[in-house]
Amino acid sequence: MRMIWNFLTDITGFLSEDKVLDNDDLIYNLSQLTSSLQTFVEVRFERDIRGAFWFIYRTVGGHSSYSEDTDGIQIMTIHQSKGLEFPVVIVPSLKKDNFPMKFIDPNPKSGWIFGSPTYYTPDDCLIYPKFDEEFGEELSHEMEEERIIYVAMTRAEDTLILSSIVDDCEPAKHSALKSGEFTKLPKGPERIQSAINENLENDCVLIDPNNIDIQTLARKTEENDDSYCIDLSFTALENYNNCPFRYKLANQIGFSISEKQEIDEGIFVHKALEIINKEIINNNNAFIGEDKVVEIITDLFEKSNEELHEEDPAEYNKQLNEVTGNVIYYYKNYGNDLKILDSEYPFYLKDKNYALKGVVDLIYEVDGKLGIIDYKNTRLEAKYKDKFKKQLHLYVLALRDQNQEYEGKEISNLQVYTIKSKKMIDFDIDEEYIEELKLELERVAEDIHEGKFTSCSCDDCKYCQYKNICNSQKEI
Ligand code: SF4
């Protein structure tokens, strides 16, 4: 994809464009091209420039360019609409597990390797210690849907139009809005009408698509506006600190021209550790035995390497043995000494202007002391140590807020396990550093909110996926 993108930017003259950094219209239009190109790369095995052009022409060729100043309809994702308001907002096709979000089973045994499952629930009033036990994955997913739909609804200044697809054949699968709650509806439009009447009193009307009379409803929400809250994670924070402009492209606009992530040995080891840790918890914290470990890894590896298995069995077996050896090494040298309390523990910390999200790989207990481990698909290198320290301290900060540490017990040990060099690194908890991180999160969230997206012109530019369209890089 990168090659096709470079070619396109070259021949279309974007490389000579001087205004990319401060021209939002151009950025949004380019991001549409990249998302079309991304789809092309995903659906076409044979990728050629002519095919890419044809695909872009067929998918976005008929669309007008985005321009903020023009009167008209702007189509965007809910994420892109954060912080914006419009006189009329239409949220179409509301359907459970379809829009605003699709439920993805986060159980790695489902064969799903990449991406992040949606566990998080941001509402202040929803205090819960554990997603898995108290609510279950599906309910957590529904809560996240509520939050997203809330952001979409509060973009409307005057009129909010919600539309739902109703299929009487599968009544239980449809949803509607009920006082901020995404509710399952047993039947069609009449039921939507009654839910609206019942819960939103006189502010709502059911619109007949054949006879639309837009009378403004003037229902503007400013207090407790979730869109004021900037979603941050360790990665997003680092992205912003490294280059605010790159953060804007990658995290705010979703402008992506990177290659698909390669599934390498480290990713399998990481995934295998996740599955095995959960199995150990289910086995009353007793190791499940090497045979079972081999069975789990073989199953996981086979699902993603069918082609290699057929084409090069020797290479397949070599890689499989390396992954298996690496995982067994971890348990023999480190993992079997730990009492696992939680694996893949999601956290959500909401403060006044940011929400910090993430997942802790492992929470354990040894000699009555609690610790956390983050597995890193990397080698142990001095240059990463500061990043590791920062990530672990952000976890402590979030766990303290969410759960008074972990179920009332203090976290004392912080560790990173580097999968490629098979090393465990210990970090001391630095209280002053945690206070500094709080201030950093607030500052970054404020800067993002104020739209400060300057470019960095740093060494990273050489490797940046946006260097072809970024003026800053051209000036270096
Ligand atoms: S090329 Fe450099 S300045 Fe431009 S987005 Fe990338 S990192 Fe930022």
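Okay, let's start at the ligand. Two helices, α9 (244-252) and α16 (471-475), each supply at least two residues of the shell around the ligand. Keep in mind that this is a predicted model. In total 14 residues surround the ligand. What does the shell look like by class? It has 7 nonpolar, 4 polar and 3 charged residues.

Right, on to the helices. As a reminder, two packed helices are described by the angle between their axes and the distance between the axes.

First up, helix α11, residues 290-304, with helix α13, residues 313-333. Their axes come within 10 Å and cross at roughly 135 degrees. That angle makes α11 oblique to α13, since the roughly antiparallel class takes angles over 145. The crossing of these two, α11 and α13, is right-handed. Who makes the contact? On the α11 side we have Glu-290, Val-293, Val-294, Ile-297, Thr-298 and Phe-301, and α13 answers with Leu-320, Val-323, Thr-324, Val-327 and Ile-328. Split by class, the α11 and α13 contact comes to 8 nonpolar, 2 polar and 1 charged.

Next, bring in helix α10, which covers residues 265-282. The α10 and α11 axes also come within 10 Å, and here the crossing is at roughly 130 degrees. So α10 is oblique to α11. It's a right-handed crossing where α10 passes α11. From α10 you get Phe-268, Lys-271, Ala-272, Ile-275 and Ile-276, and they meet Val-293, Ile-296, Ile-297, Leu-300 and Phe-301 in α11. How many polar residues does the contact of α10 with α11 have? None: there are 9 nonpolar and 1 charged.

That leaves α10 with α13. Their axes come within 9 Å and cross at roughly 45 degrees. α10 and α13 are therefore oblique to each other. The handedness of the α10 and α13 crossing is right-handed. In α10 the contact residues are Glu-265, Phe-268, Val-269, Ala-272, Leu-273 and Ile-276. In α13 they are Gln-319, Glu-322, Val-323, Asn-326, Val-327 and Tyr-330. By class, the contact of α10 with α13 divides into 8 nonpolar, 2 polar and 2 charged.

Strand β8, residues 369-376, pairs with strand β9, residues 411-418, in the parallel sense over 7 bridges. To find your way along that pair, Ile-373 has Gln-415 in β9 as its bridge partner. How does β9 run with strand β10, residues 423-427: parallel or antiparallel? Those two run antiparallel, joined by 5 bridges. Tyr-417 is bridged to Met-424 in β10, and Thr-418 has Lys-423 in β10 as its bridge partner. The hairpin of β9 and β10 has 4 residues between the strands. One thing to look at there is Lys-422, which takes a positive phi near 55 degrees.

That's it from me, thanks.

Methods:
Residues numbered from 1 in each chain as written. Predicted model: local features only at pLDDT ≥ 70, side-chain atom pairs only at ≥ 80, totals over all residues. Near = placed C-beta within 6 Å. Nonpolar A, V, L, I, M, F, W, Y, C, P; charged D, E, K, R; others polar. Pairing = 2+ DSSP bridges. Axes fitted to C-alpha atoms, helices over the stretch in contact; angles between N-to-C directions. Parallel < 35°, antiparallel > 145°, perpendicular 65-115°, else oblique. Left-handed = near helix turned anticlockwise from the far one by under 90°. Contact = placed C-beta atoms within 7 Å.
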